[in-house]
Structure formats: structure tokens, C-alpha cells
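Today I opened my notebook to look at how a few pieces pack together. Here is what I looked up, in order.

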Amino acid sequence: MEPFIPQKTAESLAQPPVTGTRHETALKEAIPLIGEGWSHARVFSFLRSKYQEDVTDEELHGIIAWGEKKNPS
């Protein structure tokens, strides 16, 4: 079964990230995926495939960890 991606998140993921807003965009994309029960590793893999290497692994892991703290489930 394919993982569920909320429509608004899917629309955002379909667009290339804009320089200067990538951190904020990654947050907005990660939070709904975490809310749908995606694991840290799955969200990371998904976002890593979208963002260029100038968005570091450390930054993506930090974004996901922050989103996990905001999601009490």
C-alpha cells in the first residue's frame, strides 16, 4: 500500500523548492507526513530525494526531529 500524502503536501512536493524558502518549505512538507505516521527514516529519504545537497542531511534530520516533537502521536 502506498503511503498517504495529503493533497496540499503533494502539491508542494510537486514544485521545486525556491531558494531562500527551502527550510520553511521542508517543515511544511515534513509535518503532515509525520502526522500520517511516516517514520523519521521514511520522511528523511523522501525529503532527501527532493532537496539538493546544499540542504544538509543534518538540517533535514533537524526539521524532522522538530516536527516529531510537535506531533504528540
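I began with a side-chain pair: lysine 50 and glutamate 29 are joined by a polar contact of 2.5 Å (a pair of N or O atoms within 3.5 Å; within protein, one must be able to donate a hydrogen and the other to accept it, and residues adjacent in sequence count only if both atoms are side-chain atoms). I noted that the model is predicted, so local features need pLDDT of at least 70 and side-chain atom pairs pLDDT 80 or more, while totals for chains, interfaces and linings use all residues. Residues are numbered from 1 along each chain as its sequence is written, and side-chain values use heavy atoms, without hydrogens and water.

Is lysine 50 buried or exposed? I found 19% relative accessibility, so lysine 50 counts as buried (under 20% relative accessible area, with a 1.4 Å probe and protein chains only). Lysine 50 sits in helix 3, residues 40–50 (helices are DSSP runs of H or I, at least four residues, numbered from the N terminus).

Next I checked the packing of helix 2 and helix 3: their axes are 10 Å apart, at an angle of about 150° (axes are lines fitted to C-alpha atoms over the stretch in contact, and angles run from 0 to 180 degrees between N-to-C directions). Helix 2 is therefore roughly antiparallel to helix 3 (over 145 degrees). I saw that Glu29 of helix 2 and Lys50 of helix 3 are among the residues making this contact (heavy atoms within 4.5 Å).

Definitions and conventions:
Helices (H or I, at least four residues) and strands (E, at least two) are DSSP runs, numbered from the N terminus. Buried means under 20% relative accessible area, exposed over 50%, partly exposed in between (1.4 Å probe, protein chains only). Angles under 35 degrees count as roughly parallel, over 145 as roughly antiparallel, 65 to 115 as roughly perpendicular and the rest as oblique.
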